[in-house]
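Dear colleague,

Please find the structure below, handed over for your own work. My notes on it follow.

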Amino acid sequence: MAFGIKIRKLETSKPYTLEELFEAIKNHPFTAGQPSMTKHGLGWLITFPPIDRNNQIWVTPSGMKAPFTKFTITKNEVAGMDNMAKNMGISALTGGWSRMTSTFGKNAKASEELVVKTAEELNALGL
């Protein structure tokens, strides 16, 4: 980990689209909460309930063409089309200082631990 960045990998035994992976995990209990599909920018990702505006667990495919056998679990700012504009605006107004809570805030450590725990829980499903 470097400066609040924690990344874990999920490698599945068979290929999944993001939607198929979501269907496979949506009814399992996770320490990070209930997963959901979230539209973000031009694509979709699997997200867990945010801790705060700068700390949310994301599951994204590792690659450009579906189906995938590798996924990335990481923390990032709150996803969603509405949140993208808000986050960019706040970051611009504060000169980027508002994102410091994702690195040094009290929730940064908790979200980093949730990245690790979520990766462990996903891997335990034997996908």
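In strand 4, Val59 is the bridge partner of Ile46. Strands here are DSSP runs (E, at least two residues), as are helices (H or I, at least four), numbered from the N terminus. The model is predicted: local features need pLDDT of at least 70 and side-chain atom pairs count only at pLDDT 80 or more, while totals for chains, interfaces and linings use all residues. Residues are numbered from 1 along each chain as its sequence is written, and side-chain values use heavy atoms, with hydrogens and water left out.

Strand 3 (residues 43-47) and strand 4 (residues 56-61) run antiparallel and are joined by 2 bridges; two strands pair if DSSP finds at least two bridges between them. The open sheet has 5 strands in the order 1-5-4-3-2, with antiparallel pairing. Strand 1 (7-16) and strand 2 (36-40) are its edge strands, each pairing on one side only.

The loop between strand 3 and strand 4 holds Ile51. This residue counts as partly exposed because its relative accessibility is 32%, the class between buried (under 20% relative accessible area) and exposed (over 50%), with a 1.4 Å probe and protein chains only. Beyond residues up to four places away in sequence, Ile51 touches Asn107, Ala110, Ser111 and Leu114, contact meaning heavy atoms within 4.5 Å.

Asn107 belongs to helix 3.

With kind regards
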